Amino acid sequence: MTDKENKIPPGWSYNPSAWPERVPLLIIAAAGLLIALYLGLYQLHIFSTVWEPFFGNGTKKILTSSVARSLPIPDGIIGAFGYFLDLVTNLIGKEKRWKTKPWIVVIFGIAVGPLGFVSILLVILQPVLLHSWCTLCLTSAAISIVMISPAMDELLASLQYLKRVKKSGGSAWKAFWGKEVLLEKNK
Amino acid sequence: MWAQILNALLGLILMISPAIFSFTTTESDVNHILGPLAISFAVISFWQVNRNARVFNIGIGCLLIIAVFIFGFRRIPFWIDLFSGVLLVIFSFVKGKITQKFGGGWRSLL
């Protein structure tokens, strides 16, 4: 068995933790981070204007709305933090991390999943509550939705692994933190 | 895969149509809520690991079909939403080829 095959989860046709699977996500998360940071800095009055090619006053109206400011921190900054968490949790761990570090894969999944969900919600709120659109907010939402599925495959591999550990009588808790690694052969 | 791309486009049509045609507030709210949801479920099911997320768009399509009748949509919004709803349901049934293997998929966790 080659080293590459050895990293593939049992019953899978590919390794979801391989770098070619993770690097595209790193790139689009970085793009999302830059966009959200830009919008957040406008909300913090560090930039006095904001780029909006299509919807006139839309971006300004949305970013200064009560929805965007309903939390103590502007939503752009929260989004930027979310993307930053995506980036960091994507970077940590080698190509077998679905097995050696399930905890980081689970945090990665939690960072990507709810971020995508909140993005969908914000896209709906723009026209329904505020009657405007915001180009960069829509771009950021598109990025976070595109990230969901490619992150979920790794989460699935980790959860399947933890289930196998439990079934074999091991401690899923220890396996979750990577303190015990179940020896298994790839089929 | 092609069916899910078409569903994403249908979601986009729903989102954009109130800006092009004359829609009442209720009619455009329906499109502005269900459109982004349809796009999201379609995009999530582009990937084989989550291809089954397409079934959520059966629900979205049915909601559209119900909405045009209970909210009494007028002509153009009525036909746009009814057609989109029916097509969303039809395309949601198209699974497409699954070439990758996922150790039994999400079902294996049950």
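This is a predicted model: local features need pLDDT of at least 70, side-chain atom pairs count only at pLDDT 80 or more; totals for chains, interfaces and linings use all residues.

Student: How many residues of chain A are in contact with chain B?

Tutor: On the chain A side there are 22, and they are in contact with 20 residues of chain B.

Student: Which helices of chain A each supply at least two residues of that side?

Tutor: Those are helix H6 (102-130) and helix H7 (135-167) of chain A. H7(A) gives the most, with 11 residues.

Student: And what's the make-up of that side by class?

Tutor: The side of chain A that touches chain B has 16 nonpolar residues, plus 4 polar and 2 charged ones.

Student: OK, on to the core. Which residues have the most contacts inside the largest nonpolar core?

Tutor: Cys137(A) and Ala38(B), in a core of 64 residues. H7(A) turns up again here, with the largest share of this core at 16 residues.

Student: What is Ala38(B) in contact with, leaving aside neighbours within four places in sequence?

Tutor: Asn7(B), Leu10(B), Gly11(B), Leu14(B), Asn57(B), Ile60(B) and Leu88(B).

Student: Switching topic: where is Phe81(A) found?

Tutor: Phe81(A) sits in helix H4 of chain A, residues 75-91.

Student: Why does Phe81(A) count as partly exposed?

Tutor: Because Phe81(A) has 17 C-beta neighbours inside 10 Å, and being buried takes 20 or more, while exposed means 12 or fewer.

Student: What separates the C-alpha atoms of Phe81(A) and Phe55(A)?

Tutor: They're 26 Å apart, and the two residues are 26 residues apart along the chain.

Definitions and conventions
Residues are numbered from 1 along each chain as its sequence is written. Chains are lettered from A and ligands numbered from 1 in the order in which they are written. Two residues are in contact if their C-beta atoms, placed from the backbone, lie within 7 Å. Helices (H or I, at least four residues) and strands (E, at least two) are DSSP runs, numbered from the N terminus. Ala, Val, Leu, Ile, Met, Phe, Trp, Tyr, Cys and Pro count as nonpolar, Asp, Glu, Lys and Arg as charged, and the others, Gly among them, as polar. A nonpolar core is a set of buried Ala, Val, Leu, Ile, Met, Phe, Trp, Tyr and Cys residues joined through C-beta atoms within 7 Å.
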